[in-house]
Amino acid sequence: MGEDKTEARTTVSPAATVQPAPPPVRPQTWSQQLLPAVHGLLARPLSSYYLLIASSVLLLVIGLTMVFSATSVVAYAEKGSAFGAIRNQLIFAVLGLVGFWVCQRLPASTLRFLGVYILGAAVVLLATLDLLMALEAVGALKDPKLGPLSADLLWLYIGPIGVQPSELAKLGVVLWGADIISRKGASLGYWRELSMPLFPAVGLLFVLVGYNDLGTMLVLLALIIGLLWAAGVRLRVFTALGVLGLAGIGLLIAAASRGAGSGTEGEPNYRLLRLTTFLTSPEKCDFDLCYQILQGRSAIYEGGWFGVGLGKGALKWNWLPAADNDFIFAVVAEELGVVGCMVIVALFAVLAYTGFRIARRVDDPFRRLAATGITTWLVAQAVINIGGVVGLLPITGLPLPFISAGGSALVVTMAGIGILASFARAEPDAARALHARPPARWVRLVWAPLPPLPPPRRSGSSRPPVRQKSRAPEDKGGVRRR
């Protein structure tokens, strides 16, 4: 009997221990593999810095390539050399890299100190430019020239050196406005503290800039709105700014219609027609006003999805006005197609994401406001330029950052990127990582010094301490007083 029970146990026990087969493992899709990898890269301490540098360098390289492509044929026909325009652009690119290097090394206190002087210099240059243009308009001067100073539309020449004061004004407004708003702090909730001295200075700048350059005025308006939004100003303030901005644009258009170049009495306002041309169908539009828009759309149509090839576009041969500057995006569309345009738009999207990410992660209020202002300035200018080329917005004459030909715009833009790079290195996690493994001394001397080390975190939590509400005093018996 005992042996039978033993045998029965031995025969039953293996069947009782059999486990069900595990379900088959399904392979992960590419999205399930990509998203964790991207999240891991973005979680690294210096990811904002590397994203900013990568997107800016790629945009700069694309810009130099497209400037050479847009100017080589005309430069060869006029001067016998295809490298005349690109040589100047390369010089300004080197100057821009120097500005990037200098601004990346400057501490926040120095930037706050320099803001008012940069804005003051821009106001003086703008006033000189407008004065020369006004003296020519009233007949006091035959040409807008007085001694070594001469004016040409938006450019002011001091001897052989030409500068565009409106570009310098953007950087000055960012630094000065961020300094003023950060100093006021919680008192921005009062209209008196909010308006003085910000609104009078900005109003003066709008008058000096907007009379000849409506596009820069729109960029400055977007920049101010970005600064106030980052400061947490009430929504009704933006409504008031919008109404005042539209009223100011209308007044400037009316004032410009009485200036030089507006035509005789009874003729339509040329500036108003330029602003409303994009709403008119091509069949009903005046040929002189719509010529640039029609040629730009023709370039986009000829490019298709993949373009006709780099350097093979035909409309840049003096058929498309401002092909190397305001309408260089049309040359990109013709030669690189929709794919090339989407690459540029994607790089600007990465730049916008990185700039606002830096503004969100830094602790200093001045750095947060300045980063928001610089990012808003570059993104708004890119949107206005691209929207004007494709026909969704009016043509305002703004260059496309990094891409269009132009010295002052490129140098100031690279200086703004250098300030953003300095702020990216000052993020708390980035600063701790740089101090944990500091680079060699020669690297800090050549490239950038170490950012200030943030205060240590509290043990057990990476979040800043939260204030607790004060409790009412209690009696000795433990009952709260009422």
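Colleague: Which ring does the charged end of Arg-425 sit over?

Modeller: The ring belongs to Tyr-49, and the charged end of Arg-425 is 6.0 Å from the ring centre. Keep in mind that this is a predicted model.

Colleague: How many aromatic pairs does the structure hold?

Modeller: There are six aromatic pairs. One of them joins Phe-100 and Trp-447: the ring centres are 6.0 Å apart and the planes meet at 50°, so the pair is tilted. Distant parts of the chain are linked here, since Phe-100 belongs to helix α4 and Trp-447 to the segment after α17, 347 residues apart.

Colleague: What geometry does the pair of Phe-366 and Phe-423 have?

Modeller: The ring centres of Phe-366 and Phe-423 lie 6.4 Å apart, with the planes at 80°, so this pair is edge-to-face. Phe-366 is buried, at 0% relative accessible area. Phe-423 is buried as well, with a value of 0%.

Colleague: Which residues form the nonpolar patch on the surface?

Modeller: The patch consists of Val-94, Val-98, Trp-101, Val-102, Trp-442, Leu-445, Val-446 and Trp-447, and together these have about 780 Å² of accessible area. Two helices, α4 (84-105) and α17 (441-446), each contribute at least two residues to the patch. The largest share, four residues, is from α4. Trp-101 is located in helix α4, and its relative accessibility of 32% makes it partly exposed.

Colleague: Now the sheet. How do strands pair in general, and what is the strand order here?

Modeller: In a sheet, strands pair through backbone hydrogen bonds, and the sense can be parallel or antiparallel. In this model, four strands make an open sheet in the order β1-β2-β3-β4, and the pairing is antiparallel. The edges are β1 (145-146) and β4 (161-163); each has a single partner strand, so one side of each has no neighbour in the sheet.

Colleague: How many bridges are there between β3 and β4?

Modeller: Three bridges connect β3 (residues 155-158) to β4, in the antiparallel sense. Across from Gly-162 in β4 stands Tyr-157.

Colleague: Some backbone angles deserve a check. What is the phi of Ala-322, and what is the phi of Phe-402?

Modeller: For Ala-322, phi is near 55°, a positive value in a residue other than glycine. Ala-322 sits in the loop between α12 (287-303) and α13 (328-361), and is partly exposed at 30% relative accessibility. For Phe-402, phi is near 75°, again positive in a residue other than glycine. Phe-402 occupies the loop between α14 and α15; with 3% relative accessibility, Phe-402 counts as buried.

Colleague: One contact remains. How many residues apart in sequence are Ala-121 and Ala-169?

Modeller: They are 48 residues apart in sequence, while their C-alpha atoms are 8.3 Å apart in space. Ala-121 is placed in helix α5 (residues 108-137) and, at 34% relative accessibility, counts as partly exposed.

How values were computed:
Residues are numbered from 1 along each chain as its sequence is written. This is a predicted model: local features need pLDDT of at least 70, side-chain atom pairs count only at pLDDT 80 or more; totals for chains, interfaces and linings use all residues. Side-chain values use heavy atoms; hydrogens and water are left out. Two strands pair if DSSP finds at least two bridges between them. Patches are made of residues with over 30% relative accessible area and no salt bridge: like charges are joined within 9 Å, nonpolar side chains (Val, Leu, Ile, Met, Phe, Trp, Tyr) within 5 Å. Accessible areas come from the Shrake-Rupley method with a 1.4 Å probe; for residues, only the protein chains shown count as cover. A salt bridge is a side-chain nitrogen of Lys or Arg within 4 Å of a carboxyl oxygen of Asp or Glu. Buried means under 20% relative accessible area, exposed over 50%, partly exposed in between (1.4 Å probe, protein chains only). Rings of Phe, Tyr and Trp (its six-membered ring) pair if their centres lie within 6.5 Å; planes under 30 degrees apart count as stacked, over 60 as edge-to-face and the rest as tilted. A charge sits over a ring if NZ of Lys or CZ of Arg is within 6 Å of the ring centre and within 35 degrees of the ring normal.
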